[in-house]
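Hi,

Here is the structure I promised to pass on. Have a look at it first, and my notes follow below.

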Amino acid sequence: MVSKRIVLFASGSGSNVENIAHYFKNKPNITIAMVLTNKKEAHVLDRCNRLNISAMYFNKAAFLKTDGVLRVLQGLEPDLIVLAGFLLKIPQNLLDHFPNKIINIHPALLPKYGGKGMYGHHVHEAVKAQGEKETGITIHYVNENYDEGAIIHQAKTEILESDGVATIAQKVHELEHIHFPKVIEEVLTNS
Ligand code: GRF
C-alpha cells in the first residue's frame, strides 16, 4: 500500500498537530512527512520532538521571497499541505505548485470573522463583541486571499451568554480536534 503524505505548517502551540499525529499514528495509509514552522520558539517544535516527527524551522523573509521552502516541499512530495495554526500568507510560488493541495483551519464560521488580523484570540473577541449565538470552525482550501478559498467543512458550537472569550476559544478548539483529522483523511481519500 502506498502511504499518502501530509506536510503540516504551524506557528504556535501545535495542539492540532499533536492531535492529527495521534489520529494517524496507527493508520499506515497516511504519514506525516514533516512539520514546518516559521517560529523558532514555537511549542509545536517541542511536541514534534516528543512525538518523533521530523520538523524544520524556516526564515519568514526567505519563505516569502525565495524558493527555499518550495524546494523542501518538492522533495517531500506531499499529497496534502495542512495549515494548522499557521499565521503567514502562503506565497504564490507554493500556490502555483500545489493547486488544491493546501488546506487551512480557521477558528470561526467563514465568511464571517476572516481576513487579515483575524487570528487566535482576535477572532473569538470579535465573535463575543458581536453577541453571536454560535461560532465554529471552517476548513477550507487556501488561495491567494486570507480565508477565502473554497470551504470543505464547517462545524458549529453554541455560545451561551455567560461564555467568555476563553470558553469560546476552548469550545472551538474542541471542534478542531474532533473534525480536522477526519476531514484531512476524507480529502486524501477522495484525491
Ligand atoms: C487554531 O485555533 C486554528 O484554528 C488557528 O490557530 C489555532 C492553532 O491552535 N488557525 P494550536 O496551535 O493547534 O493549538
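Which residues does F180 touch, leaving aside those up to four places away in sequence? Keep in mind that this is a predicted model. In it, F180 is in contact with N16, I20, V82, L83, A84, I103, I105, I139 and L175.

That residue belongs to the largest nonpolar core, which has 36 residues; I6, F180 and I184 are the ones that touch the most other members. The biggest contribution to this core comes from helix α7 (residues 165–189), which supplies eight residues. There is also a second, separate core of 21 residues, with A33, V69, F98 and V142 among them.

Helix α7 also meets helix α6 (residues 121–129): their axes come within 9 Å and cross at roughly 115°, and the crossing is right-handed. On the α6 side the contact is made by H121, H124, E125 and K128, and on the α7 side by V165, I168, A169 and V172. By type, the residues of this contact are four nonpolar, two polar and two charged.

Now for the overall picture. The protein has seven helices and seven strands, arranged along the sequence as β-α-β-α-β-α-α-β-α-β-α-β-β-α. Its radius of gyration is 16 Å, close to the 16 Å that the globule rule gives for 191 residues, so the protein is as compact as a globular protein of that length. The C-alpha atoms fill a box of roughly 50 × 40 × 30 Å along the principal axes, and 46% of the 191 residues are buried. Of the contacts between residues at least 6 apart in sequence, 68% join residues at least 24 apart.

Best wishes

Conventions. Residues numbered from 1 in each chain as written. Predicted model: local features only at pLDDT ≥ 70, side-chain atom pairs only at ≥ 80, totals over all residues. Heavy atoms only, no water. Core = buried A, V, L, I, M, F, W, Y, C linked by side-chain atoms within 4.5 Å. Buried < 20%, exposed > 50% of the residue type's maximum accessible area, 1.4 Å probe, protein only. Helix = DSSP H or I, 4+ residues; strand = E, 2+ residues; numbered from the N terminus. Contact = heavy atoms within 4.5 Å. Axes fitted to C-alpha atoms, helices over the stretch in contact; angles between N-to-C directions. Left-handed = near helix turned anticlockwise from the far one by under 90°. Nonpolar A, V, L, I, M, F, W, Y, C, P; charged D, E, K, R; others polar. Rg over C-alpha atoms; globule rule 2.2 N^0.38 Å.
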